[in-house]
Amino acid sequence: MTSSETPLVRVLEADGSFAPTAAAERYLPLIDALTDAELEQFYRDMVVIRAIDTQATNLQRQGQLALWPPSRGQEAAQVGSARAARAQDTIFPSYREHAVTRIRGVDPVDIIKLMRGVSHGGWDPSDPKNGNTRLYTLVLGSQTLHATGYAMGLVFDGRTGTGDPERDEAVVVYYGDGASSQGDVHEAMVFAASYQAPTVFFLQNNHWAISVPVATQSRVPLVERSAGYGIPSVRVDGNDVLASYAVSRTALEEARSGQGPRAIEAVTYRLGAHTTSDDPTKYRGSDEEDEWAQRDPIPRMRAYLEGRGAAASFFADVESEAADAAEDLRVRTLELQPPTVDSMFAHAYSEPHPLIDQQREWLARYEASFEGEQA
């Protein structure tokens, strides 16, 4: 089956017009139920995180960060799916889910800490303020195993499929088209399907695994990979925030109710570089980038909201909030201090360990040997 033959869930065309595809029909009640405030929140989320993302990219270029993975162009896939999750759901991100983590409560500066090299992980995933969001994973695909193992635990503990939607839990794991070729992803799908674990595999197909195009990665649409494991799978326009929301909400509800894992391929595009250490002009042409720029999720949603009568003051307020968020990120990044020496010993073990105590004491003696007369 070719990409053109694979059913695609899309609600908004690139120009913002409401034109659901046949595959989107079943999801329309969820979209119709959205309030004006919820629709405007989707737009606000995308605009603000893009401003933060742009600022972080600039900070890296100015030598303030070691690395930054831009998410420009992928905001709709992330915002729609994150807004579809319930508070009790657990999120396993890759390393580009800036919109997802912010929506769940993670401070963007905590991501900066990781990319600046002043933190081992960035944030405490057990802290309720971080919305059950696990740490970024730089090892491609490994988070799918973590997510599936956690979801299997939910089954064993009776925390899913009880019939109580306010209590049942599910897991969302994000990964990319490049990671979809990793063995870890396929092993995770085997276990998720075997144990009917409430795992929602959310694949952001941004068309490029660094310099390798998706056409080289797979001879069939990536959605067929998860379907091959018997996991109900849906292909959605990842630049349509409404479609992303409706498909994700449905998948999560099905997973929570005990129907097993679900998979989503969000077809989107990485408008920027893979990371700030990458130069996409070396492997892709401007014609392709220009074509996808016409499908940018933010102008698409703005046009839709304007068609519904959203006030100019709303858009001005969003732009102001985005500018403030970007400036706040910059100011607090520049205020970050190097970590203490003792922090390298923290969290090596979950409980106090004598070996760590010995290493800490050895380092203290070693550093003291350079002081005073022994210098």
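# Exercises on rings and packed helices

Leu-363 counts as buried, because its relative accessibility is 15% and buried means under 20% relative accessible area, whereas exposed means over 50% and partly exposed lies in between (1.4 Å probe, protein chains only). The model is predicted, so that local features need pLDDT of at least 70 and side-chain atom pairs count only at pLDDT 80 or more, while totals for chains, interfaces and linings use all residues. Residues are numbered from 1 along each chain as its sequence is written, and side-chain values use heavy atoms, with hydrogens and water left out.

**Exercise 1. Find the element that holds Leu-363, and list the residues that it touches, not counting residues up to four places away in sequence.**

Step 1. Leu-363 is found in helix H14, where helices (H or I, at least four residues) and strands (E, at least two) are DSSP runs, numbered from the N terminus.

Step 2. Leaving out residues up to four places away in sequence, Leu-363 touches Val-341, Met-344 and Phe-345, and contact here means heavy atoms within 4.5 Å.

Step 3. Leu-363 and Asp-342 are 21 residues apart along the chain, and 9.6 Å separates their C-alpha atoms.

**Exercise 2. Describe the geometry of the aromatic pair formed by Tyr-174 and Phe-202, and then that of the pair formed by Trp-362 and Tyr-366.**

Step 1. The structure holds 15 aromatic pairs, in which rings of Phe, Tyr and Trp (its six-membered ring) pair if their centres lie within 6.5 Å, with planes under 30 degrees apart counted as stacked, over 60 as edge-to-face and the rest as tilted.

Step 2. For Tyr-174 and Phe-202 the centres are 5.2 Å apart and the planes make 55°, and the pair is tilted.

Step 3. This pair links distant parts of the chain, for Tyr-174 belongs to strand S2 (residues 171–176) and Phe-202 to strand S3 (residues 199–205), 28 residues apart. Tyr-174 counts as buried because its relative accessibility is 0%, and Phe-202 is likewise buried at 0%.

Step 4. Trp-362 and Tyr-366 form a stacked pair, with 5.1 Å from centre to centre and 10° between the planes. They stand four residues apart in helix H14 (residues 354–368), so about one helical turn separates them. Trp-362 is partly exposed at 47% relative accessibility, and Tyr-366 is partly exposed at 42%.

**Exercise 3. Which residues do ring pairs link into a cluster with Tyr-43, and which residue lies over the face of Phe-315?**

Step 1. Ring pairs join Tyr-43 to Phe-314 and Phe-315 in a cluster.

Step 2. Arg-302 lies over the face of Phe-315, at 4.1 Å from the ring centre; the rule is that a charge sits over a ring if NZ of Lys or CZ of Arg is within 6 Å of the ring centre and within 35 degrees of the ring normal.

Step 3. Arg-295 lies over the face of Trp-292, at 4.1 Å from the ring centre.

**Exercise 4. Work out how helix H2 and helix H12 are directed relative to each other, and name residues that make their contact.**

Step 1. Helix H2 (residues 36–61) and helix H12 (residues 297–307) pack at about 150°, and their axes are 10 Å apart. Axes are lines fitted to C-alpha atoms, for helices over the stretch in contact, and angles run from 0 to 180 degrees between N-to-C directions.

Step 2. H2 and H12 are therefore roughly antiparallel, since angles over 145 degrees count as roughly antiparallel, under 35 as roughly parallel, 65 to 115 as roughly perpendicular and the rest as oblique.

Step 3. H2 passes H12 in a left-handed crossing, which is one where the near helix is turned anticlockwise from the far one by less than a right angle, and right-handed if clockwise.

Step 4. The contact involves residues of H2 including Tyr-43 and Met-46, and residues of H12 including Met-301 and Arg-302.

**Exercise 5. Is H3 oblique or roughly parallel to H10, and how is H6 placed relative to H7?**

Step 1. Helix H3 (residues 75–84) and helix H10 (residues 241–259) pack at about 40° with their axes 7 Å apart, and H3 is therefore oblique to H10.

Step 2. H3 passes H10 in a right-handed crossing, and among the residues in contact are Ala-76 and Gly-80 of H3 and Tyr-245 and Leu-252 of H10.

Step 3. H6 and helix H7 (residues 183–195) pack at about 15° with their axes 8 Å apart, so H6 is roughly parallel to H7. The crossing of H6 and H7 is left-handed.
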